[in-house]
Amino acid sequence: MHRAFLPDPLPEEQIERIAGVIRRAPSGGFSQGGSIVVVTDEAKRHEIARAFGDEHYSPHGRNYIADAPVHMVISANESLYHARYNEADKLAATGGVEVTWPVPYWFVDAGALMMLVLMAAIDEGLASAFIGHPDQKRIFDDLLGLPEDVVPIGLALIGKPGEAPPVGSRLKERQRAKDDLVHRDRW
Ligand SMILES: Cc1cc2nc3c(=O)[nH]c(=O)nc-3n(C[C@H](O)[C@H](O)[C@H](O)COP(=O)(O)O)c2cc1C
């Protein structure tokens, strides 16, 4: 996560290449429930920055949400998964009733899409970050007119890297040892 952006606009082709990774994103049953709203309009970016609050996002006087020239609001749509998993091929595999969901695949897939977007930006030589807000459904409904069943998982920020605080995260001293996180042969 990079936490400073130059406000320079990005070329339209570059924005399209980054957003275009959505067509390569994995999704349960190929439900394709992920979506992106790309926001480049300066006034709208400032409204989003205001709604998210200034306190965490202006570490050096500038608000890096407002600065980031491209915002991508990434959303999940649960209803598309229920529709897909009620199609004949899926029902044939689950005895005529909708699958028991081991976890909410719509959010798993939206998370994978988020990471694809962040990495596509990095592949373009840009910087990216991902942030959320407890009230983001209402915020993006109000500002971007999301349909009721489209649930934002958060906001990806993309742009040329500005001068950010020291390399690495401000939380890096809390990083857990790899052996606490990766288990071999059993937990
Ligand atoms: C699902 C998710 C939500 C996040 N939400 C926020 C957020 O709301 N605000 C923020 O400043 N950073 C947010 N982050 C960034 C994390 O704080 C960051 O990834 C973590 O501190 C590790 O830092 P690094 O990614 O720079 O290594 C989020 C990251 C993820 C994956």
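**Close-ups of helix packing**

**View 1. Helices α2 and α7 cross in a right-handed manner.** This is a predicted model, so bear that in mind throughout the views. The two axes sit 11 Å apart, and α2 and α7 pack at an angle of about 155°. Since angles over 145 degrees count as roughly antiparallel, α2 ends up roughly antiparallel to α7. On the α2 side, look for Lys44, Glu47, Ile48, Ala51 and Phe52; they meet Ile139, Phe140, Leu143 and Leu144 of α7. Sorted by class, that contact has seven nonpolar and two charged residues, with no polar ones.

**View 2. The buried residues of helix α7 (residues 136-144).** Four side chains to pick out here are Gln136, Ile139, Phe140 and Leu143. They cover an arc of only 85° around the axis, so they lie on the same side of α7. What do the buried residues of α7 pack against? Their partners are α2 (42-52), β3 (70-76) and β5 (151-161).

**View 3. Helix α4 (residues 78-85) against helix α6 (residues 105-123).** Here the axes come within 9 Å and cross at roughly 120°, which makes α4 oblique to α6. From α4, the contact uses Glu78, Tyr81, His82 and Tyr85, while α6 brings in Tyr105, Trp106 and Asp109. By class, that gives four nonpolar, one polar and two charged residues. The crossing of α4 past α6 is right-handed.

How values were computed
Residues are numbered from 1 along each chain as its sequence is written. This is a predicted model: local features need pLDDT of at least 70, side-chain atom pairs count only at pLDDT 80 or more; totals for chains, interfaces and linings use all residues. Side-chain values use heavy atoms; hydrogens and water are left out. Axes are lines fitted to C-alpha atoms, for helices over the stretch in contact, and angles run from 0 to 180 degrees between N-to-C directions. Helices (H or I, at least four residues) and strands (E, at least two) are DSSP runs, numbered from the N terminus. Angles under 35 degrees count as roughly parallel, over 145 as roughly antiparallel, 65 to 115 as roughly perpendicular and the rest as oblique. A crossing is left-handed if the near helix is turned anticlockwise from the far one by less than a right angle, and right-handed if clockwise. Contact means heavy atoms within 4.5 Å. Ala, Val, Leu, Ile, Met, Phe, Trp, Tyr, Cys and Pro count as nonpolar, Asp, Glu, Lys and Arg as charged, and the others, Gly among them, as polar. Buried means under 20% relative accessible area, exposed over 50%, partly exposed in between (1.4 Å probe, protein chains only). The arc is that of the directions from the helix axis to the C-beta atoms.
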